[in-house]
Amino acid sequence: MKSQKPNFLIIGAAKCGTTALSCILATHPDCCMSRPKEMDFFQDTVDFEPNQNYEKGWEWYQKAFEHYAGEPIVGEASPAYSDRSRCPDTAKRIHKFNPDMKIVYMVRDPLQRQISYWKMQYAFGREKSFLWRREYQWALKGFDYWMQKQREVNQWDECRYGYQLAAYQALFPSENICVSFLEDWTQCKEVEVKRIMRFLGLDPELWSKDAQENENRGVDRTIDRPWLLKIRTHPFIQFGVKKLPLSWRSWARVSLGRTKVNIPAVEISKDVEADFLDHVIQDTYDFLEQNSKKMSTWKSVERKDLIVRT
């Protein structure tokens, strides 16, 4: 069956529960999620290079929805869509593709998001770029430095949620934008998931609460071995692999293709924490107020005025 174009996107933020939400929605009988989860189709660049897939248009993009079976709700989840500093035209591209697109934006305490994001980069081997001093506080700043070596951009801007979402608010009506706080998931996940489903036009009563959630956690995680990455990105090898039974492929990926990465303990100096909060704090205050949230929602900014530099 020919797929219809996506009518909703989970745009981020990275490390805020987008994987868990994507997995939950994929189990709903009226929702078709892309395979793989992150298509990164609309962003300007991928790894600082022009995104050539966007130029290929819908013919390329629709391959992620080949499993479409007539579901009325179709979407994908790419946290890179809320990386406005590197990709300022992403929201405009999405609006041009579908001006009625619904947007889901997941957020969490900005400092905790940054810590989790660093853990992910460490697991992927990026620590070689910024951990030469073997101090977490350097890593927190150093990842920003690693990004700026490629292009003048501040990675901390990904934690300025108001700045990121403003690009979408300028193009889409407020009723097409849903902001979800990960802290609300902690208090009552079922209530928050059902709220998102109603926003998307899905019947929350059809959600299978026993469905497996592939939550992408940052501690003691497993990552693909180099040879598995090559297989996944090589078109001819991938063609042959798809001929194998799904059970064989799943066993090989989990048993042979993954390796465990132990994340080191995290210690942040008050000085670095203050630098980070100085960068995001005004945006954070405004964002919490805009979404009718108390300052106590995020512990790292609740008492920011009491942080003493050392």
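Predicted model: local features only at pLDDT ≥ 70, side-chain atom pairs only at ≥ 80, totals over all residues.
A residue counts as buried when its relative accessible area is under 20%.

**View 1. A buried salt bridge between Asp 83 and Arg 86**. The two side chains meet at 2.5 Å, N to O. Asp 83 has a relative accessibility of 5%, so this residue is buried. Arg 86, at 16%, is buried too.

**View 2. Lys 37 meets Glu 38.** Here the side chains form a salt bridge of 3.1 Å, N to O. Lys 37 counts as buried at 17% relative accessibility, while Glu 38 is partly exposed at 38%.

View 3. Glu 192 is buried at 6%, and Arg 195 is partly exposed at 33%. Look also for the salt-bridge network that links Glu 190, Lys 194 and Glu 205. In the whole structure, a search finds 8 salt bridges.

**View 4. An open sheet of 5 strands**. Follow the order β2-β5-β1-β6-β7, with the strands paired in parallel. β2 (31-33) and β7 (177-181) are the edge strands; each has a single partner, so one side of each lacks a neighbour in the sheet. On average, neighbouring strands are turned by 25° against each other, direction ignored.

**View 5. Strand β6 beside β7, with helix α1 on the sheet**. β6 (residues 102-107) and β7 pair in the parallel sense over 5 bridges. Tyr 105 stands opposite Val 179 in β7. Helix α1 (residues 18-26) packs on the sheet and touches β1, β2, β5 and β6. The direction of α1 makes about 160° with that of β1.

Terms used:
Residues numbered from 1 in each chain as written. Heavy atoms only, no water. Pairing = 2+ DSSP bridges. Helix = DSSP H or I, 4+ residues; strand = E, 2+ residues; numbered from the N terminus. Axes fitted to C-alpha atoms, helices over the stretch in contact; angles between N-to-C directions. Contact = heavy atoms within 4.5 Å. Salt bridge = Lys/Arg side-chain N within 4 Å of Asp/Glu carboxyl O. Buried < 20%, exposed > 50% of the residue type's maximum accessible area, 1.4 Å probe, protein only.
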